[in-house]
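The following questions and answers examine a protein model in terms of its fold, packing and individual residues.

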Amino acid sequence: PSSVMTKLLEILSTLQEGVKGVTIASVFYVGKEGVLVDQWKALLRCLNKGGKGDVFAQKVAAACLTKILVTACPSQRTASVAVDGGKARPIQYASAIEPLEAITAWIVSQLKNTSGTLVAICTPAP
């Protein structure tokens, strides 16, 4: 699973920059309204292994999910419009609220983790 997650993160990093009009928004937010596709749930399942999963895969899944979800945030819309070549792609922020709450709760739970083994996966690398 780690190699698949790493490849997904590489793809998302490329899409974040925009390649020939293809962006995270155009891949993960579909339809006229720009609704988030349900595939984010697989990434969240990877995180919710209760400390029993592959820590590296969890770290990469968290980074992937964050890249996908941050795209919907209103504060990021001007950046994504610039990447899309000035065309405003509709993204329904409401469709990303539930997963944003889920990843935020997961990050908080990791920061509260008394063992401290997973805290490093919640903190961004420099």
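Q: What is the handedness of the crossing in which H3 passes H6?
A: The model is predicted, so local features need pLDDT of at least 70 and side-chain atom pairs count only at pLDDT 80 or more, while totals for chains, interfaces and linings use all residues. Residues are numbered from 1 along each chain as its sequence is written, and side-chain values use heavy atoms, with hydrogens and water left out. A crossing is left-handed if the near helix is turned anticlockwise from the far one by less than a right angle, and right-handed if clockwise. For H3 passing H6, the crossing is left-handed.

Q: Are H3 and H6 roughly parallel or roughly antiparallel to each other?
A: Axes are lines fitted to C-alpha atoms, for helices over the stretch in contact, with angles from 0 to 180 degrees between N-to-C directions. The axes of H3 and H6 come within 11 Å and cross at roughly 15°. Angles under 35 degrees count as roughly parallel and those over 145 as roughly antiparallel. H3 and H6 are therefore roughly parallel.

Q: Which residues in H6 do Trp40, Leu44 and Leu47 in H3 meet?
A: Contact means heavy atoms within 4.5 Å. By this criterion, the three residues in H3 meet Glu98, Pro99, Ala102, Ile103 and Trp106.

Q: At what angle do H4 and H6 pack?
A: Ala62, Leu65, Thr66 and Leu69 in H4 meet Ala96, Pro99, Leu100, Ile103 and Trp106 in H6. The crossing of this pair, H4 and H6, is left-handed. Their axes lie 10 Å apart, and the packing angle is about 145°.

Q: In what order do the elements of the protein run from the N terminus on?
A: Helices (H or I, at least four residues) and strands (E, at least two) are DSSP runs, numbered from the N terminus. The protein has 6 helices and 2 strands. Their order is α-α-β-β-α-α-α-α.

Q: Is Thr71 buried or exposed?
A: Thr71 is placed in the loop between H4 and H5 (77-83). A polar atom of the Thr71 side chain lies 2.9 Å from the backbone oxygen of Lys67. Buried means under 20% relative accessible area, exposed over 50%, and partly exposed in between (1.4 Å probe, protein chains only). Because its relative accessibility is 11%, Thr71 counts as buried.

Q: With which residues is Val30 in contact, leaving aside its neighbours within four places in sequence?
A: Val30 is found in strand S1 (residues 29-30) and, at 37% relative accessibility, counts as partly exposed. The C-alpha atoms of Val30 and Ile91 are separated by 8.1 Å, although these residues are 61 apart along the chain. The contacts of Val30 are Val35, Val37 and Arg89.

Q: What is the relative accessible area of Thr14?
A: Thr14 is placed in helix H1. Its C-alpha is 8.9 Å from that of Ile24, which is 10 residues away in sequence. Thr14 is partly exposed, with a relative accessible area of 43%.

How values were computed: Polar contact = N/O pair within 3.5 Å; in protein donor to acceptor, adjacent residues only side chain to side chain. Parallel < 35°, antiparallel > 145°, perpendicular 65-115°, else oblique.
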